[in-house]
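Welcome! Take a look at the sequence and the model below, and then let us walk through them together.

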Amino acid sequence: MLFPEGVAIDGISGEVTPSTDRYTKKLSELSGLFHDAAAFDKVVAEGGDPIAYEVVDYRKQECDICFGTTIMMPGQVGGEYFMTRGHFHERKDCGEGYYTQSGEGLLLLESREGEVRTVEMKPGICAFIPPEWAHRSINTGSEKLVFVWFCATDAGHDYGTIRERGMRKLVVERDGRPAIIDNPNFA
Ligand code: PAN
Ligand code: ZN
C-alpha cells in the first residue's frame, strides 16, 4: 500500500529525498551523440571522463505518475554543449513536464513529422512536452542545470530512434551564445 509523503527537492543540487532510484551518465557513455568524434575522445581522455548528467527518480510502480530530477553538468564537446541522449516516449499518449529549478539551458524538441521547436530552460519555466515529440535537454550555461520532470510511470523510453538518426538540429556555442544549427550528420 502506498502512503502520502512530502518529497524534498533541492533546486540547486537536484537531490530528491526520499528517492527510489538514480543513475549517472558519464560522458563516455554518450559516445556517438556529439558531432565532433575527435573532440569527444579528447574531452573524455583529458577531462577524466566527467559525469555529464544524473537522474534521480521518485517512482512507485503501483502508481501511474512519477517525478524526479535531472542534474546536468556544464561542459562542451567541440563547441556543442553537454546534452542528454534524447528520446521519444514508447507510449504514444504520454507527454511530460520539465520544471527548471536552476541553471540555464535549451529543451530541443522534434515531432515525429520532423518539426523542431525549442523551449528555454530557466528557473520558473515549466516546459510542456507533448506526446510524440522527442526531447533532449542541453545545458547552455556555466553552472549545473537542474530540472524536475513528471510523467506517467509507464511512459517508457524509445532511445533507438534518436540514437540511430540523431536530431535535426545541434546546439553549439557561437560568439559566447547558444546557436541552433542544422545537424550535418542527420540521417
Ligand atoms: C527525463 C530524462 C532525463 C535524461 O527523465 O530521461 O532528463 O534524459 P535521457 O533519458 O534522454 O538521457 C525524461 O524525459 N523522462 O521521460
Ligand atoms: Zn521523457
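How many bridges join strand β16 to strand β17? Six bridges join β16 (residues 169-174) to β17 (residues 177-182), and the two strands run antiparallel. Strands here are DSSP runs of E of at least two residues, numbered from the N terminus, and two strands pair if DSSP finds at least two bridges between them. Leu170, for instance, has Ile181 in β17 as its bridge partner. Two residues lie between β16 and β17 in this hairpin, and Asp175 in the turn has a positive phi of about 55°.

A word on the ground rules: this is a predicted model, where local features need pLDDT of at least 70 and side-chain atom pairs count only at pLDDT 80 or more, while totals for chains, interfaces and linings use all residues. Residues are numbered from 1 along each chain as its sequence is written, chains are lettered from A and ligands numbered from 1 in the order in which they are written, and side-chain values use heavy atoms, with hydrogens and water left out.

Now to ligand 1. It is surrounded by 16 residues, the closest being Tyr53, Thr70, Arg85, Tyr98 and Tyr159; a residue counts as near if one of its heavy atoms lies within 4 Å. This shell divides into seven nonpolar, seven polar and two charged residues. β4 (51-58), β9 (96-102) and β14 (145-152) each supply at least two residues of the shell. The table gives polar contacts, meaning pairs of N or O atoms within 3.5 Å.

| Side chain (N or O atom) | Distance to an oxygen atom of ligand 1 |
|---|---|
| Tyr98 | 2.5 Å |
| His157 | 3.1 Å |
| Tyr159 | 2.5 Å |

Taken alone, ligand 1 exposes 390 Å², and the protein buries 98% of that; these areas come from the Shrake-Rupley method with a 1.4 Å probe.

Next comes the zinc ion (ligand 2). His87 (NE2), His89 (NE2), Glu96 (OE) and His135 (NE2) coordinate the zinc ion at 2.1 to 2.2 Å, where donors are N, O and S atoms within 2.8 Å of the metal (3.2 Å for Na, K and Ca). Along the chain, the donors follow the spacing H-x1-H-x6-E-x38-H. His87, in the loop between β7 (80-81) and β8 (88-89), and His135, in strand β13 (residues 133-139), are 48 residues apart, so this pair links distant parts of the chain.

The peptide bond from Thr17 to Pro18 is cis, with omega near 0°, and Pro18 lies in the loop between β2 (16-17) and β3 (21-26). Glu132, in the loop between β12 (126-129) and β13, has a positive phi near 65°.

How values were computed:
A polar contact is a pair of N or O atoms within 3.5 Å; within protein, one must be able to donate a hydrogen and the other to accept it, and residues adjacent in sequence count only if both atoms are side-chain atoms. Helices (H or I, at least four residues) and strands (E, at least two) are DSSP runs, numbered from the N terminus. Ala, Val, Leu, Ile, Met, Phe, Trp, Tyr, Cys and Pro count as nonpolar, Asp, Glu, Lys and Arg as charged, and the others, Gly among them, as polar.
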